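Reader: I would like to check the labels on this model. Please set each value against its cut-off.

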Amino acid sequence: MRSRPARDEHALRARLESTIKISHYVDYRATYPYFEDVHEALDAVAELVDADLPGVAAELAEYALDLLESATGMLDDSRSGLGGAMSRAQEIHLNACAASPPNPTALAEMLVKRALTSDYEVFRTVLPDYEPILGPAGLARYQELVEQAWQALPSKKRYGYDRRRSAITYLMEQLAELTEPVRSSMDLPSH
């Protein structure tokens, strides 16, 4: 019985890739049907949560986010379709993790890594939504990783925008806003 979900997983992965991956520039007129197809593929991934395959749904949502980030610059996004598709994939991921919580420390590591490496703020606004899924162990690991990244930042330059610094600062602020922080001294360090 496990063979059918495995085939479905591979078929959905292939569908996401063939739908999202772009080999040539997509102009303004073509973006509407493009994103319509993208949302249909994401809807198929979301159905896995109800089909009792939330782990597969979470994995495919992450894959869809990878593909969507690689599509940037390859299309006219003046309709903001890319942001909508990324939000939908992140929503699917959250629902899948809520339905069947993964290893909390592994989840924390993935969320922090993606938040700090994404040029499109993927997984940057996960708190407080992921807090109950992370639980104490995952939240502690999340905080540890964010604080390590904060401490590793070089001295702030007087001028210019630093995307990584901005991301880390935002994650630190989110941690500080939690009603029950992992540690009571969650004041932002003056870095």
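Reader: What makes Gln 90 a contact of Leu 65?
Author: Contact means heavy atoms within 4.5 Å. Leaving out residues up to four places away in sequence, Gln 90 touches Leu 65, Glu 121, Val 122, Phe 123 and Tyr 130. This is a predicted model, where local features need pLDDT of at least 70, side-chain atom pairs count only at pLDDT 80 or more, and totals for chains, interfaces and linings use all residues. Residues are numbered from 1 along each chain as its sequence is written, and side-chain values use heavy atoms, without hydrogens and water.

Reader: Why is Gln 90 called buried?
Author: Its relative accessibility is 18%. Buried means under 20% relative accessible area, exposed over 50%, partly exposed in between (1.4 Å probe, protein chains only). So Gln 90 counts as buried. In the protein chain, buried residues make up 43% of the 191 residues.

Reader: Which helix holds Gln 90?
Author: Gln 90 sits in helix α4, residues 81–99. Helices are DSSP runs (H or I, at least four residues) and strands are E runs of at least two, numbered from the N terminus. The protein chain has seven helices and zero strands.

Reader: How do you know which residues in the lining of the largest pocket are charged?
Author: Asp, Glu, Lys and Arg count as charged. The lining includes Lys 156, Lys 157, Asp 162 and Arg 165. The lining divides into three nonpolar, three polar and four charged residues.

Technical notes. 1 Å grid on protein atoms, 1.4 Å probe; cavity = no way out; pocket = protein on both sides within 12 Å on 5 of 7 lines; lining within 4 Å.
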